[in-house]
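Welcome! Please have a look at the sequence and the model first.

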Amino acid sequence: MVTQRHGYDQTFKIGGTVIVLGIEGWKPEWHHDAEALAATHRHMFVRLIGRKLRSSWLMWDVAQRGWFADGPVILDFGLSQVEITHRKFDECAITWDQIDMAQSIDWYEHFDWRSDPHAALRKARGRPLRAVNIIERTTSADWRPRVLHAVEFLFDGARLAVYNAMDENGLTDVPEADLPAVHWRRVHVA
């Protein structure tokens, strides 16, 4: 089950500290261009190549007993933790080591962190990372010929994509061979 709250992307201040989604210290910077997103984070992703995914975390709505898909998807590689989230129809934010999961989430209902609750995350756990790409959907629209769609992680024997599921995160482990060949563009990151 996936839950969603309206106004999730609004920030509020407590004592001068900006809080997003009730996660203290998390400061997402939103991108809608794959090249810019790749360039901004390439130096960090390069460091993860060859490292195994130790664990992953999703924001969990305890009351609804389900994944709160508006919250960041956290991938822990030991050396660093990458935090990915999507909003609107083409925006993505990637942050590094900003979220302390030992701190409680103070926002509306009772939220917590749940380790490896999704099958796609469990399939990638323990596997070495081989490549990272940003995936764009190509369109014929003049106003937006490319739409940022996903951050793709290719592991030994597994694929994980954290994608934009229309104003929230989605996860998939569909093998690369099963993806459509047209209307997609990969921007290699690492």
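Helices (H or I, at least four residues) and strands (E, at least two) are DSSP runs, numbered from the N terminus. Counted like this, the protein has two helices and 17 strands. The model is predicted, and local features need pLDDT of at least 70, side-chain atom pairs count only at pLDDT 80 or more, while totals for chains, interfaces and linings use all residues. Residues are numbered from 1 along each chain as its sequence is written, and side-chain values use heavy atoms, with hydrogens and water left out.

**The protein as a whole**

- Buried means under 20% relative accessible area, exposed over 50%, and partly exposed in between (1.4 Å probe, protein chains only). Of the 190 residues, 49% count as buried.
- The protein exposes about 9300 Å², with areas taken from the Shrake-Rupley method with a 1.4 Å probe (for residues, only the protein chains shown count as cover).
- A contact means heavy atoms within 4.5 Å. Among contacts with a separation of 6 or more, 66% come from residues 24 or more positions apart.

**Nonpolar cores**

- In soluble globular proteins, nonpolar side chains tend to be buried together.
- A nonpolar core is a set of buried Ala, Val, Leu, Ile, Met, Phe, Trp, Tyr and Cys residues joined through side-chain atoms within 4.5 Å.
- The largest core has 36 residues, and those with the most contacts inside it are Phe45, Leu75, Ile84, Ile94, Ile134, Phe153 and Phe155. Helix 1 gives the most to this core, with six residues.
- A second, separate core has nine residues, among them Trp26, Ile74, Phe111 and Trp113.
- Leucine 75 touches residues including Leu53, Val82, Ile84, Leu121, Phe153 and Leu160, leaving aside residues up to four places away in sequence.

**Aromatic pairs**

- Rings of Phe, Tyr and Trp (its six-membered ring) pair if their centres lie within 6.5 Å; planes under 30 degrees apart count as stacked, over 60 as edge-to-face and the rest as tilted.
- The structure holds five aromatic pairs. One of them joins phenylalanine 45 and tryptophan 96 edge-to-face, at 4.9 Å centre to centre and 70° between the planes.
- This pair links distant parts of the chain, since phenylalanine 45 is in helix 1 (residues 34–48) and tryptophan 96 in strand 10 (residues 91–96), 51 residues apart. Phenylalanine 45 is buried at 1% relative accessible area, and tryptophan 96 is buried at 14%.
- Phenylalanine 77 and phenylalanine 155 form a stacked pair, 6.3 Å centre to centre with 10° between the planes. Phenylalanine 77 lies in the loop between strand 8 (73–76) and strand 9 (81–87) and phenylalanine 155 in strand 14 (residues 146–155), so the pair ties together parts 78 residues apart in sequence.
- Phenylalanine 77 is buried, with a relative accessible area of 1%, and phenylalanine 155 counts as buried at 6%.
- Ring pairs link Phe45, Phe77, Trp96, Phe153 and Phe155 into a cluster.

**A histidine in strand 14**

- Histidine 149 sits in strand 14 and counts as buried at 16% relative accessibility.
- Not counting residues up to four places away in sequence, histidine 149 touches His86, Ile135, Glu136, Arg137, Val162, Tyr163, Asn164 and Trp184.
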